[in-house]
Amino acid sequence: MVICPCGSLQSYRQCCQPLHESSQVAISAEQLMRSRYAAFVMGEIDYIVQTTVPAQQGLLDVQAITDWSQQNQWLGLSIIASQPDVKPRHAHVEFVARFKDQQGEQQHRELSSFVHSGTRWYFLDPTVQPMPSLKSDCLCGSGQKFKRCCAPFLGLL
Ligand SMILES: [Zn+2]
Ligand SMILES: [Zn+2]
């Protein structure tokens, strides 16, 4: 049995694999976070793209994501805090991912932002450029202005 890399202690087949194969969708932001970490470990880069908010998908540097996933040896994920309702449809998940690179063991701590749009959760990538202007429609498809929706949520205001 392959243990799922996401830290659930379940088998990969019963945990994140159905998400990576698109036969299930994550039911919470935390589950999406875990499955995205597992996707890095398993080299499921398409899943990383598909679970980023659709407005950003075409702007992702897929080669850089692939390189980052392969250059590191992934050691584990710990969820520090999960805030499922920062505001309606918006969730934060704080986590630490441990990995080993050429310099040794590293810890990457991040407060990630997720938005529920349509029927599923998506990751909002704060590093993707360009961001929409503050007065234009939000990335997340809410129909609100970016300024009033995800910009403050992402810490951009
Ligand atoms: Zn898993
Ligand atoms: Zn938004």
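Predicted model: local features only at pLDDT ≥ 70, side-chain atom pairs only at ≥ 80, totals over all residues.
A donor here is an N, O or S atom within 2.8 Å of the metal (3.2 Å for Na, K and Ca), and water is not among the atoms, so sites may look incomplete.

Residues are numbered from 1 along each chain as its sequence is written, chains are lettered from A and ligands numbered from 1 in the order in which they are written, and side-chain values use heavy atoms, with hydrogens and water left out.

## The zinc site of ligand 2

The zinc ion (ligand 2) is held by the SG atoms of Cys-138, Cys-140, Cys-149 and Cys-150, lying 2.2 to 2.3 Å from it. The arrangement is tetrahedral because the four donor atoms subtend angles of 102 to 116°. For reference, the ideal angle for four tetrahedral donors is 109.5 degrees. The donor spacing reads C-x1-C-x8-C-C.

Helices (H or I, at least four residues) and strands (E, at least two) are DSSP runs, numbered from the N terminus. Cys-140 counts as buried because its relative accessibility is 3%, and Cys-150 because its value is 0%.

## Nonpolar cores

Which residues have the most contacts inside the largest nonpolar core? They are Met-33 and Phe-114, in a core of 25 residues. Such a core is a set of buried Ala, Val, Leu, Ile, Met, Phe, Trp, Tyr and Cys residues joined through side-chain atoms within 4.5 Å. Two or more residues each come from helix H2 (29-42), helix H3 (45-50), strand S1 (73-87), strand S2 (90-101) and S4. H2 gives the largest share, six residues.

Leaving aside neighbours within four places in sequence, Met-33 is in contact (heavy atoms within 4.5 Å) with Leu-77, Ile-79, Val-93, Phe-95, Ser-112 and Phe-114. Another core, of 14 residues, lies apart from the largest one; among its members are Val-115, Met-131, Leu-139 and Cys-150.

## Cavity and pocket

On a 1 Å grid over the protein atoms alone, a cavity is a set of points where a 1.4 Å probe fits but cannot get out, and a pocket is an open set with protein on both sides within 12 Å along at least five of seven lines; lining residues have an atom within 4 Å of a point. Grid points are joined across faces, edges and corners, and a volume is the space filled by probe spheres set on the points. The count comes to one cavity of 30 Å³ or more. The largest cavity holds about 50 Å³, and its lining includes Leu-19, Tyr-47, Arg-120 and Trp-121.

The largest pocket has a volume of about 570 Å³. Its lining has 25 residues, of which Arg-36, Phe-40, Trp-68, Glu-110 and Phe-123 are the closest to its centre. H2, helix H5 (62-71), S2 and strand S3 (104-117) each give two or more residues to that lining.

## Backbone details worth a look

Most residues other than glycine have a negative phi, and most peptide bonds are trans. Leu-9, in the segment before helix H1 (17-20), has a positive phi of about 70°. Leu-9 counts as exposed because its relative accessibility is 72%. Ser-22, in the loop between H1 and H2, has a positive phi near 65°, and is exposed at 54% relative accessible area. The peptide bond from Gln-129 to Pro-130 is cis, with omega near -5°; Pro-130 is found in the loop between S4 and H6.

Terms used. Tetrahedral: all angles 85-135°; square planar, octahedral: opposite > 155°, others 65-115°. Buried < 20%, exposed > 50% of the residue type's maximum accessible area, 1.4 Å probe, protein only.
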